[in-house]
Amino acid sequence: MSNQTNSRVVIVTGASQGIGHAIARTFLNNGDIVVGCAFSAPEKAIQAQQLSEAFPDHFFYYPVNVSDTAQIKQFVASVEQRFGRIDVVVSNAGKNVFKGIDCEESDWEHNFNLNLRSHWFLAKCARQSLQKSRGTLLLMTSNHAFSTLRGCAPYNISKRAILSLVQSLTIEWGPAIRTVGIAPGFIDTDGNQAWFDAHPDARIAREKTIQKHPVGRIGRPEEVGELCLFLASDKAGFIAGTTILIDGGRSAIMQDEDE
């Protein structure tokens, strides 16, 4: 049991890098206890190690494969046993499975286990604790849930399904648990930088991407973290059952110009 009795206990999946890491840091800066997990072993999760060093009494990391329901169940049980409560769950873990609609069955199953089932099962496991705390459940989807591009299936299909999952969780578990979806667009992470670097000229690739955003830039991971912090607060108490886009207006564009 933690002695930080005045701090909320926040679960963040996919906390070892990128958006998940930024979400974890945002809640930590707010004084919350954050229990993060990701696929990587602790010794390989460098950014998670940095959080542990910066917030030794508030950040705790577990290696978890969220495609494995047994591991999710054990992870949540460990959090409940260690801290005695769960106040917020940010179900963020996932990855791009861009194989196209003619993908193999194995690609389809991997995508839906990771990008859809994991969110549903984590919510089920944390339900009792969230009910006791009248907590908040945040599910990470994508702007691909609203409009997508050629070759992005089956990823976009699972992300679209999360919109309905958010609605059903809200209807069936409210008012004790408030559920909201978050749909980031192009966020400036190491993973997306690797995508830029795969082009003949990374600088040109980045500039073309920026030009597709009406706000004139791509997003920062910290902005997603700040949105999560707001949505998990009492100030957002009337927001439920919906999914909020944070994509710099990218989804407002009907069609890209030919390159």
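Predicted model: local features only at pLDDT ≥ 70, side-chain atom pairs only at ≥ 80, totals over all residues.

Q: Where does R134 sit in the fold?

A: R134 is in the loop between α4 and β5.

Q: What about its backbone, is phi of R134 positive or negative?

A: Positive. Phi of R134 is near 50°, and this is a residue other than glycine.

Q: Which pocket has R134 in its lining?

A: The second largest pocket. Its volume is about 340 Å³. The lining has 20 residues, and those closest to the pocket centre are R134, G135, T136, A176 and R178.

Q: How does that lining split by class?

A: Six nonpolar, eight polar and six charged residues line the second largest pocket.

Q: OK, zoom out. How many helices and strands in the chain?

A: Eight helices and seven strands. The radius of gyration is 18 Å, close to the 18 Å from the globule rule for 259 residues, so the chain is as compact as a globular protein of that length.

Q: What box do the C-alpha atoms fill?

A: Roughly 55 × 40 × 40 Å along the principal axes.

Q: And how much of the chain is buried?

A: Of the 259 residues, 50% count as buried. The chain exposes about 13300 Å², with 49% of that coming from carbon and sulfur atoms.

Q: What does V35 touch, sequence neighbours aside?

A: Beyond the neighbours within four places in sequence, V35 contacts V9, V10, I11, V12, F60, Y62, F75, V79 and F83.

Q: Now helices. Which residues of α8 are buried?

A: P221, V224, G225, L227, C228, L229 and L231 are buried in α8, which runs over residues 221-231.

Q: Which residues line the largest cavity?

A: T13, C37, V64, V66, I72, F75, S91, A93, S118, H119 and L122. F75 is also on the contact list of V35.

Q: Which element gives the most to that lining?

A: α4, with three residues. Both α3 (69-83) and α4 (105-133) supply at least two residues each.

Q: And the classes in the largest cavity's lining?

A: Seven nonpolar, four polar and no charged residues.

Q: Switching to peptide bonds. Which residues does a cis bond with omega of about 0° join?

A: A153 and P154. P154 is in the loop between β5 and α5, and α5 covers residues 155-173.

Q: And where is the cis bond with omega of about 5°?

A: Between G174 and P175. P175 lies in the loop between α5 and β6.

Q: Back to the loop between β5 and α5. What about F146, which lies there?

A: F146 is in that loop, between β5 and α5. At 35% relative accessibility, F146 counts as partly exposed.

Q: Which residues does F146 contact, sequence neighbours aside?

A: Leaving out neighbours within four places in sequence, F146 contacts R160, L163, A183, T243 and L245.

Q: Last one: how far apart are F146 and I157?

A: Their C-alpha atoms are separated by 9.9 Å, and the two residues are eleven apart along the chain.

Notes
Residues numbered from 1 in each chain as written. Heavy atoms only, no water. 1 Å grid on protein atoms, 1.4 Å probe; cavity = no way out; pocket = protein on both sides within 12 Å on 5 of 7 lines; lining within 4 Å. Points joined across faces, edges and corners; volume = space filled by probe spheres on them. Nonpolar A, V, L, I, M, F, W, Y, C, P; charged D, E, K, R; others polar. Helix = DSSP H or I, 4+ residues; strand = E, 2+ residues; numbered from the N terminus. Rg over C-alpha atoms; globule rule 2.2 N^0.38 Å. Buried < 20%, exposed > 50% of the residue type's maximum accessible area, 1.4 Å probe, protein only. Areas by Shrake-Rupley, 256 points an atom, 1.4 Å probe, with all protein chains shown as cover. Contact = heavy atoms within 4.5 Å.
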